[in-house]
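Here is a short briefing on one protein chain.

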Amino acid sequence: MICVSIGRGRHKHVIAEHRHLVDLGVKLVELRLDYINGTIKLKRLLNDRPGPVLVTVRREQDGGRWAPGMESERQMVLRTAIVEGADYVDIEEDIAANIPRYGSTKRIISYHNFRETPADIEEIHERIRQLDPDIVKLATMANSPHDNIRMLRLAQRSEVPTIALCMGDMGTPTRILGAKYGVPITYSTYSNERTLAPGQIGFQQMREIYGYEDINADTEIYGVIADPIGHSLSPQLHNACFREQGMNRCYLPFRVPREHLATFIQEDCPALDIKGLSVTIPHKESIVKLLKKPDATVAGIGAANTILFGEEGPAGFNSDCDAALASLATAFPKQEENPLANRSALVLGAGGVAKAIAWGLKNHGVDVIISSRTDESAAELAESLGCRTVTWEDRGLERVDILINGTPVGMHPNVNESPIDKVRLRPGMIVFDTVYNPEQTLLIKEARKRDCKVVTGVEMFVRQAAMQYQRFTGVQPSRDLMRDTLKKITGAAKAS
């Protein structure tokens, strides 16, 4: 189940938040008493409580706020919580012998490490198992994606119920996949803005985006890999469609640094039985050499954004190209058979998205010009496609029919940036910005003012996600649902 942590300074706020969470359907809350200002009044918090509680009084050394030098008082609070009938208490392993079992209160005996997931985590688990716990809790920092595998496997094998979670954004998978691996409790907070530990996810997000309460041993796992990962909105779109179509599938964000990519694909994905992945910055190009079966588009572009895992190993595809061309087609009259033929285009950027779009345009008879902030990258891409380059300083000086921004310039939160000076936008030019958050980028706004035809990144993002979804499931998703979900998220971000 999801345990929502409450860390408030006043008793009345703790009580009010507890009642509200129970109304939302929360089955267990953690009362972080180290956040209370002044004297802790346990009877006030525990008498007439609206639902089960886990009492925690965390020391600074374990990530809490309890002041050093007051350890005897802290242990007295924990003993009193047991006497007053708290449903659970969290006791660190080094004081477990000082806090005896009493009544029906269950003992969670815990270990925290904010630096690493130790090599001897199995031995630490066995040590705690000897201390008469009802539940063992291990919370460690993930320094590699493989730390998630170690912790989930430990929980799955344990004869004693074990909460095994990794902290930090690299440890997010353990917080979501706990239910699949037999973890009895996962921790969450009231909202993403009020986290009490690194990597915690808000309760509504755990329930509404990831469907945590429906995850079980048979749930199929998909995800997106990137570094950083926090900006990705793919989980919202894919999980919304899984839910609408009644599929027992979950799509997760995986932060994978460059140096861990090979291990993640070759070892971690099989260990987690991941069925498919979306791939984004910075891995679209480097992933290609790890594929056993790249399709013709991937081979031509030199970049992949979709991976399927089968018996023969990972197969790679690229939905960016087809999605971009389909999005561009919306700017032309429908009766034109090949509206791109004999036109010219300036592609800004030389990364995975820019490569896919430039390759697709070239194959449709477009005169492509590449411009990148890194001249070497632009030259390399242009040479591979047989097209021209212009320097970043001179971008936009040459008249073209189509301008495509394949860079992240203008992406939230840097919404006041544009990849090109507005004076270089001509009436009638088609301006396509692949940035989708926000949809109305500064480039798109300025293009509209200059009577350009515009294509937004939302159109491309939804189309490529829908193509990926069909690869993953064999079923067409609702593009309208994906589009509405995306606009709702980006609209909320803009409003905040």
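**Salt bridges, burial and loops**

R101 is partly exposed, with 37% relative accessible area; buried means under 20%, exposed over 50%, and partly exposed in between (1.4 Å probe, protein chains only). This is a predicted model: local features need pLDDT of at least 70, side-chain atom pairs count only at pLDDT 80 or more, and totals for chains, interfaces and linings use all residues. Residues are numbered from 1 along each chain as its sequence is written, and side-chain values use heavy atoms, with hydrogens and water left out.

**Overall build**

- The chain has 16 helices and 20 strands; these are DSSP runs (helices H or I, at least four residues; strands E, at least two), numbered from the N terminus.
- Of its 496 residues, 56% count as buried.
- Its C-alpha atoms fill a box of roughly 80 × 50 × 40 Å along the principal axes.

**Salt bridges**

- The whole structure holds 30 salt bridges, each a side-chain nitrogen of Lys or Arg within 4 Å of a carboxyl oxygen of Asp or Glu.
- R101 and D134 form one of them, at 2.9 Å from N to O. The pair links distant parts of the chain, 33 residues apart: R101 sits in the loop between β4 (88-92) and β5 (106-113), D134 in the loop between α4 (121-129) and β6 (135-141).
- D134 is partly exposed, at 25% relative accessible area.
- D227 pairs with R255, their closest N and O atoms being 2.8 Å apart.
- D227 is partly exposed at 23% relative accessibility, and R255 is partly exposed at 23%.
- R463 and E459 meet at 2.7 Å, N to O. Both lie in helix α15 (residues 457-473), 4 residues apart, about one turn of the helix. R463 and E459 are both buried.
- A network of salt bridges links R58, E71, R74, D90 and E92.

**Local spots in loops**

- S372 lies in the loop between β16 (367-371) and α13 (375-385). S372 is buried, at 8% relative accessible area.
- A polar atom of the S372 side chain lies 3.1 Å from the backbone nitrogen of T374.
- G410 sits in the loop between β18 and β19 (430-433). G410 is buried, at 1% relative accessibility.
- The C-alpha atoms of G410 and R399 are separated by 23 Å, with the two residues 11 apart along the chain.

Conventions:
A polar contact is a pair of N or O atoms within 3.5 Å; within protein, one must be able to donate a hydrogen and the other to accept it, and residues adjacent in sequence count only if both atoms are side-chain atoms.
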